[in-house]
Amino acid sequence: MARTVLSILCLLVGLVCFPSTGCWEAPWFCHGRECPVYTVVQQYEGFEERNYEVSHWITTDVASSSNSDLKDGFWKLYYFNQGQNSENKEIAMTRPVVVSVKEADFTGERQVSISVFQSDADIPEPNDNTIRKTVIPGGTVYVRSFSGVASDEDALENVQQLREDLRGAGKVFVENRYDAAGYDAPWDLINRHNEVWVHAP
């Protein structure tokens, strides 16, 4: 795979551009857009422990983390927010775009999905039955951040390093899943921000 999940997210996230209107002050890397609300529990060397509030997303499964599959999935979500829903309602899009990867288990299946955060829980029903509304319960997420235009090797290296750091810190986490979050437009060449997320059980 020539491009990574994160580099594809960087390409797509340029379309996600709605000014923040909530009372929560989002971090700088949300660039003034709506983002999921969290508090920092503790900062460790190499990773951050965050407590996220319950959040609402629209999600679609994709066949793989290939460039074309992720783009197809993103456009489904984008058009839902542009009014292709049960109320023909335009919904502001937000940051980040998140790709979730559940790694292959004994069945050999690797599951990949792409999601866009929804700042309003009361959203229309999707017209497309491959899109679902997803509620992520509040809870602990361990986050490793890194800059630059991410490559496939960068993403995997950061996930592996995060897991090693968590084990070293005595943290318990979900072993077979990670999320990749992209925040920057492709033309933003400085102060880029990428994240990989690993969830507590």
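The largest pocket is lined by 31 residues, of which Ser100, Ser113, Ile136, Arg177 and Asp179 lie nearest its centre. A pocket is here an open set of points on a 1 Å grid over the protein atoms alone, with protein on both sides within 12 Å along at least five of seven lines, and lining residues have an atom within 4 Å of a point. The structure is a predicted model, in which local features need pLDDT of at least 70 and side-chain atom pairs count only at pLDDT 80 or more, whereas totals for chains, interfaces and linings use all residues. Residues are numbered from 1 along each chain as its sequence is written, and side-chain values use heavy atoms, without hydrogens or water.

The largest nonpolar core contains 27 residues, and Ile58, Ile114, Leu162 and Leu166 have the most contacts inside it. Such a core is a set of buried Ala, Val, Leu, Ile, Met, Phe, Trp, Tyr and Cys residues joined through side-chain atoms within 4.5 Å; buried means under 20% relative accessible area, with a 1.4 Å probe and protein chains only. Helix α2 gives the largest share of this core, 5 residues.

The buried residues of α2 are Leu70, Gly73, Phe74, Leu77, Tyr78, Phe80 and Asn81. Viewed down the axis of α2, these residues fall within an arc of 155° (taken from the directions from the helix axis to the C-beta atoms), so they line one face of the helix. Glycine 83, with a positive phi near 125°, follows α2.

Definitions and conventions
Buried < 20%, exposed > 50% of the residue type's maximum accessible area, 1.4 Å probe, protein only. Helix = DSSP H or I, 4+ residues; strand = E, 2+ residues; numbered from the N terminus. 1 Å grid on protein atoms, 1.4 Å probe; cavity = no way out; pocket = protein on both sides within 12 Å on 5 of 7 lines; lining within 4 Å.
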